[in-house]
Amino acid sequence: MQNGDTEDAVKELLDLKIERAEGENVGTYTITATGEEALANYDVTYVPGTFTITKDGLIVKADNKTKVYGEDDPELTATISGLKNGDSEDAIREALGLSLSRAEGEDVGTYTITVTGAEALDNYDVTYETGDLEITKANLTVTADNKNKVYGAEDPELTATVTGMQNSDTEAAVKELLDLKIERAEGENVGHYVITPSGKTTLANYNVEYVDGDFEITKAQLLVKANNAGKVYGAQDPELTALVTGMKNGDTEEAV
């Protein structure tokens with residue numbers, strides 16, 4: 001421009017229009033300027049420019065998951081963020097060819113979930129982020145088995161039943177880990193006594209609940225037999241007596 005002509009004044013005289021080639025995908029598009037081909041004092045040449053669309057960032061993150069020890073894994077999934085221009089998540093998933101896997105292991109703990117797929121698409125650079133699979137403790141129940149005996153007899157062996165084992169864990173192995181002890185309330189008279197199991201309240205893969213059992217002492221059989229007696233006709237009756245058998249626990253015949 002010459003002689004103090006301003007850019008704004010020249011643009012107005014040119015009736016300038018500027019457009020770019022259509023398209024929204026990543027790539028380079030021509031920018032075209034058009035208007036008057038000549039002015040009073042100028043011949044005009046129009047030179048195209050370029051319009052560049054660069055890739056945006058797409059994030060694919062593995063969703064965090066949980067399960068209880070011994071359960072099957074939940075379905076592994078991922079969330080895609082950063083979609084633009086109405087791109088559908090389903091179409092992008094298919095284009096990415098997503099694959100999800102997790103670190104091996106079935107004990108309680110946290111395992112990394114990894115998502116993989118194409119590193120780039122036509123319009124996106126892709127970043128993959130891991131998630132976590134948390135395995136939480138299962139519940140284990142230790143129930144004292146009910147027992148009984150007859151008054152005066154020796155106590156039977158006290159036992160307990162363990163339920164809730166997972167992943168092929170055996171009852172014998174779990175009992176050893178629990179350092180299991182089983183006791184009953186003191187007493188030898190007929191009645192009911194609490195059987196109490198005890199041990200560790202938590203293991204690596206289990207929370208442990210203990211349930212009491214019942215120990216019943218039932219009555220023993222006592223035999224009272226009248227002793228035979230006799231007298232001579234006309235004499236006074238002798239004292240009538242009886243023999244008691246079946247006493248237990250140091251009970252005496254006189255006391256019984």
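The questions and answers below walk through a predicted model, from the whole chain down to single residues.

Reader: Before we start, what kind of model is this?
Author: Residues are numbered from 1 along each chain as its sequence is written, and side-chain values use heavy atoms, with hydrogens and water left out. Local features need pLDDT of at least 70, side-chain atom pairs count only at pLDDT 80 or more, and totals for chains, interfaces and linings use all residues; the model is predicted.

Reader: How many helices and strands does the chain have?
Author: Both are DSSP runs numbered from the N terminus: helices are H or I over at least four residues, strands are E over at least two. Counted that way, the chain comes to 3 helices and 19 strands.

Reader: Is the chain spread out or a compact globule?
Author: Its C-alpha trace spans about 175 × 30 × 25 Å along the principal axes. The radius of gyration is taken over C-alpha atoms, and the globule rule is 2.2 Å times the number of residues to the power 0.38. That rule gives 18 Å for 256 residues, and the chain's 46 Å is well over it, so compared with a compact globule the chain is more spread out.

Reader: What share of the residues counts as buried?
Author: Buried means under 20% relative accessible area, exposed over 50%, and partly exposed in between (1.4 Å probe, protein chains only). Among the 256 residues of the chain, the buried share is 19%.

Reader: How far apart in space are Ala144 and Ala160, C-alpha to C-alpha?
Author: Ala144 sits in strand β11 and is buried, with a relative accessible area of 3%. It touches residues including Thr159, Ala160, Ile195 and Val211. In sequence Ala144 and Ala160 are 16 residues apart, yet in space the C-alpha distance is 4.1 Å.

Reader: Is Lys67 buried or exposed?
Author: Lys67 lies in strand β5 (residues 65-68), and the residues it touches include Asp72, Pro74, Arg102 and Thr136. A polar contact is a pair of N or O atoms within 3.5 Å; within protein, one must be able to donate a hydrogen and the other to accept it, and residues adjacent in sequence count only if both atoms are side-chain atoms. The Lys67 side chain has one of 2.7 Å to Asp73 and one of 2.7 Å to Glu106. With a relative accessible area of 4%, Lys67 is buried.

Reader: What is the phi of Asn85?
Author: Most residues other than glycine have a negative phi. Asn85 sits in the loop between β6 (78-81) and α2 (89-96), and it is exposed at 64% relative accessible area. Its phi is positive, near 55°.

Reader: In which loop is Asn167 found?
Author: Asn167 also has a positive phi, about 55°, although it is not a glycine. It is partly exposed, with a relative accessible area of 36%. Its loop runs between β13 and α3.

Reader: Which residue in the hairpin of β7 and β8 takes a positive phi?
Author: β7 (residues 99-102) and β8 (residues 109-116) run antiparallel, joined by 4 bridges, and Ser101 stands opposite Thr114 in β8. There are 6 residues between these strands, and the one with phi near 140° is Gly105.

Reader: Which residue in β10 stands opposite Ile113?
Author: β8 pairs with strand β10 (residues 131-136) in the antiparallel sense, over 5 bridges. The β10 residue opposite Ile113 is Gly131.

Conventions:
Contact means heavy atoms within 4.5 Å. Two strands pair if DSSP finds at least two bridges between them. Lists of a residue's contacts leave out its neighbours within four places in sequence.
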